[in-house]
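I opened this structure for the first time today. These are my notes, in the order I looked things up.

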Amino acid sequence: MTKSIEIPTIELSNGTAIPQFGLGVFQVPPRETYENVAYGIQTGYRHLDTAKIYGNEAEVGQAVRASGVPREAFFITTKLWNDEHGDAVGALKASLGRLEMTHVDLYLIHWPAPAQDRYVEAWQGLIEAQKQGLTREIGVSNFQAPHLRRIIDETGVTPAVNQIELHPYLAQAGLRREHADRGIVTEAWSPLAKGTVLKEAAVQEIAERHGRTPAQVVLRWHLQLGNVVFPKSVTPSRLEENIDIWDFELSQEELDRIEALDRGERTGPDPDTFS
Ligand code: NDP
């Protein structure tokens, strides 16, 4: 039976409610994506985060359609890849063709790729795509503060979200402040630092105190900071574990103890140089 769980939402700039918790499908091979997403939907996931470069948009769309859950109950994000900054509208139409959807809920510039210097043009393309009704909300990913300031200054349009690498080893206090000042919602990618942070003694102790798992504690830390998260798992029991985080709360001291693990360490590429 397909579960329906009440997940907190945050209102984005164009008025769309984004569920604060969802499922990411980076590195889920297309052959496994259908089953992974289908199980996620059954378990209560409605927010799905994919990208053109993940190569699994078609399978995400198939799982959504086969679920029997109405399209309006979902929040679907996809992303513009770095080699298409000059044709965002065309790239989004191609993504929608693979998803077999009329629109997505959120479209993101995946990376600023500053060496190409086309991210302002890409942002103008996303503004146009939103005008055409191809996406309800527009945002960016992996933008540093100067990239954010530049697109806002040059177009007058503020992204609804910035999806950045963020976990206890890379707490991103500076960017989170920049987002708060500008009304940008923070989405945290690799929220579990790909699982590495779950071994930390501080996380394990806090988990034991609450009778929860280390992953649940780290996800709860994100939610209490106000981040949007979509942990990836191809393991059914972990999909269930990760979404079961609504009935406990971390104290300020516990939040601070987790934030103290910050060592400015990335698991992924540096946005200033990646293209
Ligand atoms: P996560 O931090 O979500 O970690 C995923 C890893 O943690 C997998 O190995 C998974 O294992 C494991 N895991 C998940 N749940 C548990 C659990 N309860 N206990 C123990 N281990 C667990 O990293 P991702 O890099 O996958 O990031 C999540 C999403 O963020 C991506 O899917 C994508 O949507 C987005 N993202 C965006 C990027 C961008 O540039 N915008 C870049 C990278 C990610 P297993 O699957 O084997 O269960």
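**Entry 1: a loop residue.** I started at alanine 113, in the loop between β6 (104–109) and α4 (119–131). I kept in mind that this is a predicted model. I looked up the backbone angle there. Phi of alanine 113 is near 45 degrees, a positive value in a residue other than glycine. I noted the background: most residues other than glycine have a negative phi. Then I asked: is alanine 113 buried or exposed? Alanine 113 counts as buried because its relative accessibility is 0%, and the cut-off for buried is under 20%.

**Entry 2: another positive phi.** I went on to glutamine 172. I found this residue in the loop between β8 (161–165) and α6 (173–182). Its phi is near 60 degrees, which is positive, and glutamine 172 is not a glycine. Glutamine 172 is at 14%, so it counts as buried.

**Entry 3: a threonine in a strand.** Next I looked up threonine 135. I placed it in strand β7, which covers residues 135–141. Its relative accessible area is 2%, so threonine 135 is buried. Which backbone atoms lie by its side chain? I found the backbone nitrogen of tyrosine 107 at 3.3 Å from a polar atom of that side chain. I also found the backbone oxygen of glutamate 137, 2.8 Å from a polar side-chain atom of threonine 135.

**Entry 4: the ligand's place.** I turned to the ligand. Where does the ligand sit? I found it in the largest pocket. I looked up how many residues surround the ligand, and the number is 28. The closest are Asp49, Ser190, Lys194, Ser233 and Thr235. I sorted the shell by type: 13 residues are nonpolar, 10 are polar and five are charged. Which element gives the largest share of the shell? That is helix α9 (residues 236–242), with three residues.

**Entry 5: polar atoms by the ligand.** I then went through some distances. A polar side-chain atom of glutamine 163 is 2.9 Å from a nitrogen atom of the ligand. For phenylalanine 26, I noted a backbone N or O atom 3.0 Å from a ligand oxygen. For glycine 24, a polar backbone atom is 3.5 Å from an oxygen atom of the ligand. On its own, the ligand has 910 Å² of accessible area, and the protein covers 89% of that.

How values were computed: Residues are numbered from 1 along each chain as its sequence is written. This is a predicted model: local features need pLDDT of at least 70, side-chain atom pairs count only at pLDDT 80 or more; totals for chains, interfaces and linings use all residues. Side-chain values use heavy atoms; hydrogens and water are left out. A residue is near a molecule or strand if one of its heavy atoms lies within 4 Å of it. A polar contact is a pair of N or O atoms within 3.5 Å; within protein, one must be able to donate a hydrogen and the other to accept it, and residues adjacent in sequence count only if both atoms are side-chain atoms. Accessible areas come from the Shrake-Rupley method with a 1.4 Å probe; for residues, only the protein chains shown count as cover. On a 1 Å grid over the protein atoms alone, a cavity is a set of points where a 1.4 Å probe fits but cannot get out, and a pocket is an open set with protein on both sides within 12 Å along at least five of seven lines; lining residues have an atom within 4 Å of a point. A molecule sits in a cavity or pocket if more than half of its atoms lie within 2 Å of its grid points. Helices (H or I, at least four residues) and strands (E, at least two) are DSSP runs, numbered from the N terminus. Ala, Val, Leu, Ile, Met, Phe, Trp, Tyr, Cys and Pro count as nonpolar, Asp, Glu, Lys and Arg as charged, and the others, Gly among them, as polar. Buried means under 20% relative accessible area, exposed over 50%, partly exposed in between (1.4 Å probe, protein chains only).
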